[in-house]
Amino acid sequence: MKVRMRVNGNQVEREIPPDRLLIDFIREDLGLMGTKEGCSEGECGACTVLMNGKAVVSCLIPAFRADGAEILTVEGVADEAKLHPIQQAFLEAGAVQCGYCTSGMVLSAKALLDENPEPTVEEVKKGISGNLCRCTGYTKIIRAVQMAAEKIRKERG
Ligand code: FES
Ligand code: FES
(Lines give C-alpha, C1' and ligand atoms only; values in the text may rest on other atoms or scores of the structure.)
(Ligands and ions follow the chains in the order given, each with its own letter.)
Protein backbone atom coordinates (compact mmCIF):
# COMPACT_ATOMS: atom_id res chain seq x y z
CA MET A 1 0.00 0.00 0.00
CA LYS A 2 1.03 3.59 -0.58
CA VAL A 3 1.30 6.19 2.20
CA ARG A 4 1.87 9.91 1.90
CA MET A 5 2.63 12.29 4.74
CA ARG A 6 4.62 15.38 5.57
CA VAL A 7 7.63 14.61 7.73
CA ASN A 8 9.55 17.56 9.15
CA GLY A 9 7.98 19.74 6.49
CA ASN A 10 8.85 17.46 3.57
CA GLN A 11 6.25 15.57 1.61
CA VAL A 12 7.11 11.84 1.51
CA GLU A 13 5.47 8.99 -0.28
CA ARG A 14 6.38 5.30 0.03
CA GLU A 15 5.03 1.89 -0.80
CA ILE A 16 4.84 -0.12 2.47
CA PRO A 17 3.47 -3.41 3.77
CA PRO A 18 0.24 -2.91 5.78
CA ASP A 19 1.88 -3.99 9.04
CA ARG A 20 4.73 -1.48 8.82
CA LEU A 21 4.99 0.43 12.09
CA LEU A 22 5.45 4.18 12.08
CA ILE A 23 8.76 3.89 13.96
CA ASP A 24 10.16 1.54 11.30
CA PHE A 25 8.85 3.77 8.54
CA ILE A 26 10.61 6.76 10.13
CA ARG A 27 13.88 5.03 10.95
CA GLU A 28 14.26 2.54 8.13
CA ASP A 29 12.29 3.90 5.18
CA LEU A 30 13.16 7.55 5.81
CA GLY A 31 16.53 7.01 7.54
CA LEU A 32 15.66 9.35 10.43
CA MET A 33 17.50 7.61 13.24
CA GLY A 34 16.91 10.26 15.92
CA THR A 35 13.66 8.54 16.89
CA LYS A 36 14.72 5.81 19.31
CA GLU A 37 13.28 2.39 19.97
CA GLY A 38 13.26 1.28 23.61
CA CYS A 39 10.55 -1.05 24.85
CA SER A 40 8.58 -1.45 21.57
CA GLU A 41 5.45 -1.70 23.74
CA GLY A 42 4.30 1.87 24.26
CA GLU A 43 5.78 2.10 27.75
CA CYS A 44 9.02 4.10 27.55
CA GLY A 45 8.30 7.02 25.21
CA ALA A 46 11.71 6.83 23.51
CA CYS A 47 9.95 6.58 20.13
CA THR A 48 7.74 9.65 20.66
CA VAL A 49 7.04 11.83 17.62
CA LEU A 50 4.40 14.47 16.99
CA MET A 51 1.52 13.50 14.73
CA ASN A 52 -0.60 16.53 13.83
CA GLY A 53 0.90 18.27 16.85
CA LYS A 54 0.13 15.52 19.38
CA ALA A 55 2.79 13.36 21.02
CA VAL A 56 2.36 9.71 20.00
CA VAL A 57 4.42 6.57 20.53
CA SER A 58 5.47 5.57 17.04
CA CYS A 59 6.16 1.95 18.06
CA LEU A 60 2.42 1.30 18.43
CA ILE A 61 1.09 3.10 15.37
CA PRO A 62 0.82 1.42 11.99
CA ALA A 63 2.37 3.71 9.40
CA PHE A 64 -0.83 3.72 7.33
CA ARG A 65 -2.60 5.48 10.24
CA ALA A 66 -0.28 8.44 9.62
CA ASP A 67 -1.35 8.68 5.98
CA GLY A 68 -2.01 12.34 5.26
CA ALA A 69 -0.61 13.43 8.63
CA GLU A 70 1.96 16.02 9.60
CA ILE A 71 4.79 14.25 11.46
CA LEU A 72 7.54 15.94 13.43
CA THR A 73 10.61 13.99 14.53
CA VAL A 74 13.57 15.30 16.50
CA GLU A 75 15.41 16.03 13.24
CA GLY A 76 12.79 18.66 12.42
CA VAL A 77 12.70 20.42 15.78
CA ALA A 78 15.66 22.77 15.36
CA ASP A 79 15.74 25.33 12.63
CA GLU A 80 18.79 25.15 10.39
CA ALA A 81 20.78 27.81 12.16
CA LYS A 82 20.25 26.96 15.82
CA LEU A 83 18.88 24.52 18.33
CA HIS A 84 15.27 24.83 19.40
CA PRO A 85 14.94 26.52 22.82
CA ILE A 86 13.85 23.17 24.29
CA GLN A 87 17.04 21.49 23.04
CA GLN A 88 19.13 24.42 24.27
CA ALA A 89 17.49 24.26 27.70
CA PHE A 90 18.11 20.50 27.96
CA LEU A 91 21.81 21.13 27.34
CA GLU A 92 22.01 24.06 29.75
CA ALA A 93 20.14 22.25 32.53
CA GLY A 94 22.28 19.10 32.20
CA ALA A 95 19.14 17.14 31.34
CA VAL A 96 20.93 14.94 28.80
CA GLN A 97 23.08 12.06 30.00
CA CYS A 98 23.08 8.97 27.77
CA GLY A 99 20.60 10.79 25.53
CA TYR A 100 18.48 7.76 24.70
CA CYS A 101 15.29 9.30 26.06
CA THR A 102 16.08 12.82 24.89
CA SER A 103 14.43 12.96 21.47
CA GLY A 104 11.19 11.61 22.91
CA MET A 105 11.40 13.97 25.88
CA VAL A 106 12.00 16.97 23.63
CA LEU A 107 8.98 16.13 21.49
CA SER A 108 6.70 15.55 24.49
CA ALA A 109 7.94 18.86 25.91
CA LYS A 110 7.21 20.54 22.59
CA ALA A 111 3.66 19.18 22.48
CA LEU A 112 3.16 20.44 26.02
CA LEU A 113 4.62 23.92 25.48
CA ASP A 114 2.81 24.41 22.18
CA GLU A 115 -0.44 23.96 24.10
CA ASN A 116 0.53 25.42 27.45
CA PRO A 117 3.37 27.99 27.29
CA GLU A 118 3.53 28.44 31.07
CA PRO A 119 3.20 25.01 32.66
CA THR A 120 3.48 24.39 36.40
CA VAL A 121 5.86 21.71 37.66
CA GLU A 122 2.88 19.37 38.00
CA GLU A 123 1.83 20.06 34.41
CA VAL A 124 5.39 19.42 33.19
CA LYS A 125 5.47 16.13 35.10
CA LYS A 126 2.18 15.14 33.50
CA GLY A 127 3.38 16.24 30.05
CA ILE A 128 6.43 13.98 30.20
CA SER A 129 4.79 11.19 32.22
CA GLY A 130 4.90 8.84 29.21
CA ASN A 131 8.67 9.26 28.82
CA LEU A 132 11.05 7.23 30.96
CA CYS A 133 14.60 8.30 31.73
CA ARG A 134 16.98 5.90 33.41
CA CYS A 135 19.70 8.48 33.98
CA THR A 136 18.68 11.90 35.23
CA GLY A 137 16.13 11.38 37.99
CA TYR A 138 13.80 13.83 36.13
CA THR A 139 14.59 16.94 38.23
CA LYS A 140 16.88 18.37 35.56
CA ILE A 141 14.47 17.45 32.78
CA ILE A 142 11.59 19.22 34.54
CA ARG A 143 13.85 22.23 35.11
CA ALA A 144 14.85 22.15 31.42
CA VAL A 145 11.23 22.21 30.27
CA GLN A 146 10.52 25.19 32.52
CA MET A 147 13.67 26.97 31.27
CA ALA A 148 12.54 26.26 27.70
CA ALA A 149 9.11 27.72 28.44
CA GLU A 150 10.80 30.89 29.70
CA LYS A 151 13.07 31.08 26.64
CA ILE A 152 10.13 30.67 24.26
CA ARG A 153 8.10 33.32 26.07
CA LYS A 154 11.04 35.73 25.89
CA GLU A 155 11.57 35.00 22.18
CA ARG A 156 7.92 35.76 21.53
CA GLY A 157 8.23 38.97 23.55
S1 FES B 1 9.79 2.19 22.09
FE2 FES B 1 7.84 3.06 21.85
S3 FES B 1 7.17 3.47 23.84
FE4 FES B 1 9.04 2.42 24.14
S1 FES C 1 19.41 10.56 29.59
FE2 FES C 1 19.68 8.40 29.61
S3 FES C 1 17.68 7.59 29.56
FE4 FES C 1 17.40 9.71 29.83
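User: What distance separates the centres of domain 1 and domain 2, taken over C-alpha atoms?

Analyst: Happy to start there! This is a predicted model, in which local features need pLDDT of at least 70, side-chain atom pairs count only at pLDDT 80 or more, and totals for chains, interfaces and linings use all residues. Residues are numbered from 1 along each chain as its sequence is written. The domain assignment gives domain 1 (2–76) and domain 2 (85–156), with bounds from an automatic or database domain assignment. Taken over C-alpha atoms, their centres are separated by 21 Å.

User: Which element gives the largest share of the side of domain 1 that touches domain 2?

Analyst: Contact here means that the C-beta atoms of two residues, placed from the backbone, lie within 7 Å. By that rule, 16 residues of domain 1 are in contact with 13 residues of domain 2. On the domain 1 side, strands E3 (48–51) and E4 each give two or more residues; strands are DSSP runs of at least two residues, numbered from the N terminus. The largest share, three residues, comes from E3.

User: Is Ile61 buried, partly exposed or exposed, and why?

Analyst: Good one to look at in the viewer. Ile61 sits in the loop between strand E4 (54–57) and strand E5 (70–72), and touches Leu21, Leu22, Val56 and Ala66, not counting residues up to four places away in sequence. A residue is buried if 20 or more other C-beta atoms, placed from the backbone, lie within 10 Å of its own, exposed if 12 or fewer, and partly exposed in between. Because Ile61 has 19 C-beta neighbours inside 10 Å, Ile61 counts as partly exposed.

Key. Chains lettered and ligands numbered in written order. Helix = DSSP H or I, 4+ residues; strand = E, 2+ residues; numbered from the N terminus.
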